[in-house]
Amino acid sequence: MSVMVAASPDAAPKRTRSLPRIFRSKAVLFGSIVLGALILIAIFASALGVVDPAAVQPRLRLKPPSAAAWLGTDHLGRDVYSRLIYGSRVSLLVGGVVALLAVVFGALLGLVSGAVRWVDGLLMRAMDGVMAIPAILFAVAMIGALGADLVTICIAIAIPEIPRVARLVRSVVLTVREEPYIEAAVSMGTRTPTLIARHMVPNVLAPLIAQATYIASSAILIEASLSFLGIGMPDEIPSWGNMMANARLVFQVKPMLMLLPGLCIVLTVFAINRIGDGLRDLLDPRLAKSVGRLK
């Protein structure tokens, strides 16, 4: 005789809840949707009804929105809509490349510094020296010396971020290094590279992912600031920063020329920061517990 056991009402919801765990966070979900839309816009910019964003037409300068120019034209007759669309490529590329460079090199330095005691002091003093220089001033000096192009701008913004990542990773490694299983592995003769790869790298991934989002948003702001000051991307390459710089000349007549790229920057940075906040809450169990107690 077979006995039928009624399924627990919590069984199905439990499976459903466990599938998209990362997207249970409203912050991550919102940020991912907005950032995903911006990435798609940047990738498929040429298919979104744009014209040449660098085409100068003085006779069409400062025209209002129309069927030919959906958001009007700037002080040189260039299509504002096209420049906004293509400008997303510069900001997103700078944010992504800077975050990747800072995380990779900062993580390597932090892992070595935390795991190898005799190089810790030397590396950290070098990182302190780099951190003493304001990021924007370092970028201005480097771009002034090497010239303004996308590669130089990314490197100039990434270098001041490396010490911050290195110190974050080092702090995690120093904590992990005192764990009993690490001491047991060392007593069994495990080599330092194996310790780093097997036991320390997995522990630093969670804070690194969250930190990378903040670096990306900071890089977008710094690139826009450099372009606004006239030492960032060349004017023929549309970016939201140099669009705002050009709009200063006609701000009293056409304020939207400055407000539109400014809103694009705000939306992009806000979306990336929301992802970072959500990932931090999900990936840091201690923070998640403290937030839960506050609620």
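**Close-up views of a predicted model**

View 1. A second, separate core has five residues, including A45, V50, Y81 and Y86. The largest nonpolar core has 70 residues, and V98, I157 and V169 are those with the most contacts inside it. Helix α9, residues 192-228, supplies the largest share of this core, 13 residues. In soluble globular proteins, nonpolar side chains tend to be buried together.

View 2. Helix α4 covers residues 117-131. At 1.5 Å a residue, its 15 residues should span 21 Å, and the C-alpha atoms at its ends are 21 Å apart, so the two values agree. The buried residues of α4 are V119, D120, L123, M124 and M127. These residues lie on the same side of α4, because they cover an arc of only 130° around the axis. They pack against α3 (80-115) and α7 (162-177). The exposed residues W118, L122 and R125 sit on the face of α4 that is turned away from its buried side.

**View 3. T268 inside helix α11.** T268 belongs to helix α11, which runs over residues 256-283. Is T268 buried or exposed? Its relative accessibility is 0%, so T268 counts as buried. A polar atom of the T268 side chain lies 2.8 Å from the backbone oxygen of C264. Apart from neighbours within four places in sequence, T268 is in contact with L38, L92, I220 and W240.

**View 4. N242 and two backbone oxygens.** N242 is part of helix α10, residues 240-247. With a relative accessibility of 3%, N242 counts as buried. Which backbone oxygen lies 2.9 Å from a polar atom of the N242 side chain? The oxygen is that of I237. The backbone oxygen of P234 lies 3.3 Å from a polar atom of the N242 side chain. Not counting residues up to four places away in sequence, N242 touches R83, S227, M233, P234, D235 and I237.

**View 5. L62 in a loop.** L62 is placed in the loop between α2 (26-43) and α3. Its phi is positive, about 60°, although L62 is not a glycine. Most residues other than glycine have a negative phi. L62 has a relative accessible area of 17%; the cut-off for buried is under 20%, so L62 is buried.

**View 6. Confidence along the chain and at two stretches.** The pLDDT averages 83 over the chain, and 87% of the residues score at least 70. Over residues 1-19 the pLDDT is below 50. This stretch has one contact in the model beyond near neighbours in sequence. Residues 287-295 also have a pLDDT below 50.

Terms used. Residues are numbered from 1 along each chain as its sequence is written. This is a predicted model: local features need pLDDT of at least 70, side-chain atom pairs count only at pLDDT 80 or more; totals for chains, interfaces and linings use all residues. Side-chain values use heavy atoms; hydrogens and water are left out. A nonpolar core is a set of buried Ala, Val, Leu, Ile, Met, Phe, Trp, Tyr and Cys residues joined through side-chain atoms within 4.5 Å. Buried means under 20% relative accessible area, exposed over 50%, partly exposed in between (1.4 Å probe, protein chains only). Helices (H or I, at least four residues) and strands (E, at least two) are DSSP runs, numbered from the N terminus. The expected span of a helix is 1.5 Å times one less than its number of residues. The arc is that of the directions from the helix axis to the C-beta atoms. Contact means heavy atoms within 4.5 Å. A polar contact is a pair of N or O atoms within 3.5 Å; within protein, one must be able to donate a hydrogen and the other to accept it, and residues adjacent in sequence count only if both atoms are side-chain atoms. pLDDT is the predictor's confidence in each residue, from 0 to 100.
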